[in-house]
Amino acid sequence: MTSLRVRLIVLAVALLFLLFIALQVRWRRLRARYLVLWAAICILVIPIVIIPAVANGISSALGIYYPPATLFLIAIIVLFAINFQFSREITRLEERTRILAEELALQRVTEDKPFSDPEDVASEPARPAAVRGGR
Amino acid sequence: MSPAAADAAGTVPARDRTLVIIPALNEEQSLPAVLAALRSAGWHHVLVVDDGSRDRTAAQAARGGAMVARLPFNLGVGGAMRTGFRFAARRGYQRAVQFDADGQHRVDDIPRLLQRLDEGADMAVGSRFAAAERTYQQGRVRAGAMGMLRVTITLLSGRRFSDTSSGFRAYSASLIDFFADAFPLEYLSDTVESLLLACYAGFSVVEVPVTMRVREAGRPSTRHVRLVYHYLRVMLVLASMASRRSRRLGRVAA
Ligand SMILES: Nc1nc2c(ncn2[C@@H]2O[C@H](COP(=O)(O)OP(=O)(O)O)[C@@H](O)[C@H]2O)c(=O)[nH]1
Ligand SMILES: [Mg+2]
């Protein structure tokens, strides 16, 4: 299947990428947990591409007649999964940022309290903590 | 002060246990009149949540005697309201009223919303369309989108709401606690999704017919194309919420 030249190129790219992400971590542009993720992907990609038997074996196991299609399929699934995970992480980060913003706003209310002072309310005993899910 | 001068606790008048929450974005022109109207009607506990306005909204709010929570950047009405609910929950307010900064809501209607809370509702929504005669003019696109939404909500919640986009609402203490944590944050979800969320969680939601004025100043925050996109998003969210549709819907008061 894939020619020697293509395999060498892929190998070189994968190794360069490994070096690149290692440097990113060293320069603190990437957290170590992502180093693990991307390094694992690189290291998994290498045997699949370099050793034709691997891709051929997976292909025939899946019933795919054209081994390169197997590689595309794997790539798409992996990228999809990673992207989805990133969406989840962004959601979590955004939620945290929002809570920080809200808390900051609430801190500032008590600092520069204007004319009307809710003293009477503040001195009331606070309600017990919220019960989630209504009644 | 309040006609029902003292509530169950006996000492603190109802108005002093109610927080009026005003989400505001670039409303320096209309805010002073709104705050003055609230003050003269006896609502002294007003929190303006300034959501990264570029004008003097926060300064006008402070001048008008309101408490001001300034968010460092724009979170949208949902984030602003959650901030307000957090504040209300921590200060022990028993009820909250959501009120627009643009002068569209009438101060005189507030007691009518709160009365429904006294009668046991958790959330009272001021509806432009609950009254027999239509008093509110709106654009075609918006009317169409709202119509579609109304149908969806009727299907999902099994009950009719005539005005799902109203931002004029009163909330009970337990709903304040609930929303301090769970108020939906995405753009436009503060209206529809919050309504359904309250229903799904088993709170009782009622509508109260009110009249709303046309805007006094500034611009409505929603442009048409964006509006359509966001209504689509809301619909998808609603569809995904449908799977959580609870048996408790039957309990929701009409
Ligand atoms: N905190 C906050 N308030 C907003 C934002 N956009 C609009 N508002 C306020 O929400 C209220 C309702 O907005 P408006 O544009 O009148 O919506 P409409 O009445 O549904 O057309 C007004 O008090 C606005 O100032 C926002 O991004 N953040
Ligand atoms: Mg308005």
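Which strands of chain B does helix 3 (residues 76–91) of chain B lie across?

Analyst: This is a predicted model, in which local features need pLDDT of at least 70 and side-chain atom pairs count only at pLDDT 80 or more, while totals for chains, interfaces and linings use all residues. Residues are numbered from 1 along each chain as its sequence is written, chains are lettered from A and ligands numbered from 1 in the order in which they are written, and side-chain values use heavy atoms, with hydrogens and water left out.

Helix 3 of chain B lies across strand 1 (18–24), strand 2, strand 3, strand 4 (95–98) and strand 6 (169–171) of chain B. Contact means heavy atoms within 4.5 Å; helices (H or I, at least four residues) and strands (E, at least two) are DSSP runs numbered from the N terminus. The helix runs at about 155° to strand 1 of chain B, where axes are lines fitted to C-alpha atoms, for helices over the stretch in contact, and angles run from 0 to 180 degrees between N-to-C directions.

These strands belong to an open, mixed sheet of seven strands in chain B, ordered 3-2-1-4-6-5-7. Two strands pair if DSSP finds at least two bridges between them. Strand 3 (67–71) and strand 7 (205–209) of chain B are the edges, each pairing on one side only. From one strand to the next, the twist averages 20°.

Strand 3 of chain B pairs with strand 2 (residues 46–51) of chain B in the parallel sense over five bridges, and its Ala69(B) stands opposite Val49(B).
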